[in-house]
Amino acid sequence: MNITTLDDLLQAARTQPTPQRLLFVFAAAELPDDATAEERERFERGEGGALVPQMCVDKSPDELASFAQLKKEAEGMGPAWHMVFAAALSGTSEQPPGAQETGEALTAMVEAIRQGYLNNCIPFDAQGHAVELH
């Protein structure tokens, strides 16, 4: 399945043969203190900056009807964000991933985003569309 929106990811997770847990890390773009004048100018145009995790949550695919629901919940719970990173964690044939496994995976995901390692997740913009980061 070609995942171009977060709703596509939700649908794909619901069709997996093993129970899934979806992991979400919401991040905001911030300008580093040591940014150059050119970097500051780009940032003011809405380009560049560093992605800084703001909050995270896990959900089962059945708990989340759509990206619109996730966005509404996020806006009501935490700081402003520009992007959400998503990943899926598979359980066993009968059981979804446990709380400890899920917590460890979320912690690892937050740390990977802080360090700029984005290979194991899909970034989505604030409209729920998958984006390619450079």
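**A helix on a sheet**

Modeller: Let's start with helix 1 (residues 6–14), where Leu-6, Asp-8, Leu-9, Leu-10, Ala-12 and Ala-13 are buried. Before going on, note that this is a predicted model: local features need pLDDT of at least 70, side-chain atom pairs count only at pLDDT 80 or more, and totals for chains, interfaces and linings use all residues. Residues are numbered from 1 along each chain as its sequence is written, and side-chain values use heavy atoms, with hydrogens and water left out.

Now the first terms. Helices (H or I, at least four residues) and strands (E, at least two) are DSSP runs, numbered from the N terminus. Buried means under 20% relative accessible area, exposed means over 50%, and partly exposed lies in between (1.4 Å probe, protein chains only).

What do the buried residues of helix 1 pack against? Their partners are strand 1, helix 3, strand 3 and strand 4; contact here means heavy atoms within 4.5 Å.

Three of those partners are strands, so let's turn to the sheet. Four strands form an open sheet in the order 2-1-3-4, with antiparallel pairing. Strand 2 and strand 4 stand at the edges with a single partner strand each, so one side of each has no neighbour in the sheet. From one strand to the next, the twist averages 30°. Helix 1 packs on this sheet, touching strand 1, strand 3 and strand 4, and its direction makes about 160° with that of strand 1. For such angles, axes are lines fitted to C-alpha atoms (for helices over the stretch in contact), and the angles run from 0 to 180 degrees between N-to-C directions.

How are the strands joined? Two strands pair if DSSP finds at least two bridges between them. Strand 1 and strand 2 pair over nine bridges in the antiparallel sense, and Leu-22 has Lys-59 in strand 2 as its bridge partner. Eight bridges join strand 1 to strand 3, again antiparallel, with Val-25 opposite Phe-85 in strand 3. Strand 3 is mostly covered, as six of its eight residues are buried. Four bridges pair strand 3 with strand 4 (residues 122–125) in the antiparallel sense, and here Ala-86 stands opposite Ile-122.

Let's zoom in on strand 1 (residues 20–30), which includes Gln-20. Gln-20 counts as buried because its relative accessibility is 8%. Its side chain makes a polar contact of 2.9 Å with the side chain of Ser-90. A polar contact is a pair of N or O atoms within 3.5 Å; within protein, one must be able to donate a hydrogen and the other to accept it, and residues adjacent in sequence count only if both atoms are side-chain atoms. A polar atom of the Gln-20 side chain also lies 3.1 Å from the backbone oxygen of Thr-18. Leaving aside neighbours within four places in sequence, the contacts of Gln-20 include Ala-13, Ser-60 and Pro-97.

Rings of Phe, Tyr and Trp (its six-membered ring) pair if their centres lie within 6.5 Å; planes under 30 degrees apart count as stacked, over 60 as edge-to-face and the rest as tilted. By this rule there is one aromatic pair. The rings of Phe-26 and Trp-81 have centres 5.0 Å apart and planes at 70°, so the pair is edge-to-face.
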